[in-house]
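Hi everyone, thanks for coming. Let me put today's structure up on the screen, and then I'll walk you through it.

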Amino acid sequence: VTVNFDTTPPVIMPNAAGTLGQSGWYVSDVILTWTVNDPDSSVTSSTGCETQNITADTAGVTFTCTAASAGGSASQSVTIKRDATAPIVVSGTPDRGPNAAGWYNAPLMVTFAGSDATSGIAACTSPTYSGPDGANTSVSGTCTDNAGNTSSPVSFSLKYDATAPTI
């Protein structure tokens, strides 16, 4: 007589399919599936192990799959963070003001700032403008969120003349 004895609970593995950005954030829709196996006996019950589609931005939602077999029960959780929305650049601020006539006559740095509703801002650009001279020039900046999404560029308009007059 052969007696099979199961002393191990099922093995549960989450499988998340989506585009992974930075710092554990997904930057696309995510399909979460579960692999539940027990090599010694059949799985008798499971809860929370159905396929999940994460299609909205979230700072983190936790899913848990629990399964049981003759060897006992097991549980596995996974947290999905999704931010597929680019940040918004709110403003560009020069490091100093123009002269009295409204013109800049030396290189200036413009620091851009933005906002992001889900993962937060990681960094914004701070480019330096040093020419060419012109009455209608601009410098552009962007922001990147913690998920790795980058905003559309926003321009800061200025008048620039660093050329001395000639006599």
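What you're seeing is a predicted model, where local features need pLDDT of at least 70, side-chain atom pairs count only at pLDDT 80 or more, and totals for chains, interfaces and linings use all residues. Residues are numbered from 1 along each chain as its sequence is written, and side-chain values use heavy atoms, with hydrogens and water left out.

Okay, overall picture. The chain has 15 strands and zero helices. Its C-alpha atoms fill a box of roughly 110 × 20 × 20 Å along the principal axes.

How much of the chain is buried? I'm calling a residue buried under 20% relative accessible area, exposed over 50%, and partly exposed in between, with a 1.4 Å probe and protein chains only. On that scale, buried residues make up 29% of the 167.

Now the inside. A nonpolar core here is a set of buried Ala, Val, Leu, Ile, Met, Phe, Trp, Tyr and Cys residues joined through side-chain atoms within 4.5 Å. The largest one has 13 residues, and Ile12, Leu32, Trp34, Ile54, Phe63, Val78 and Ile80 have the most contacts inside it. Strands E3 (30-37), E6 (58-69) and E7 (72-82) each supply at least two residues of this core. Apart from it lies another core, of eleven residues, including Tyr104, Val110, Phe112 and Leu158. As background, in soluble globular proteins nonpolar side chains tend to be buried together.

Pro9 sits in the segment before E1. Why does Pro9 count as partly exposed? Because its relative accessibility is 32%. Contact means heavy atoms within 4.5 Å, and, leaving aside neighbours within four places in sequence, Pro9 is in contact with Asp38, Ser69, Gly71, Gly72, Ser73 and Ala74. Ala74 is also touched by Ile12, whose list, again without residues up to four places away, includes Trp34, Val36 and Cys65.

Most residues other than glycine have a negative phi, and most peptide bonds are trans. Ser23 isn't a glycine, yet has a positive phi of about 55 degrees. You'll find Ser23 in the loop between strand E1 (11-17) and strand E2 (25-26), and it counts as exposed because its relative accessibility is 58%. Then there's the peptide bond from Gly131 to Pro132, which is cis, with omega near 15 degrees. Pro132 is in the loop between E12 (128-129) and E13 (134-141).

Last stop: Cys143, in strand E14 (residues 143-145). Is Cys143 buried or exposed? Buried, because its relative accessibility is 0%. Beyond four places in sequence, Cys143 touches residues including Pro87, Val89, Ile121, Cys124 and Ser151. The C-alpha atoms of Cys143 and Glu50 are separated by 37 Å.

How values were computed:
Helices (H or I, at least four residues) and strands (E, at least two) are DSSP runs, numbered from the N terminus.
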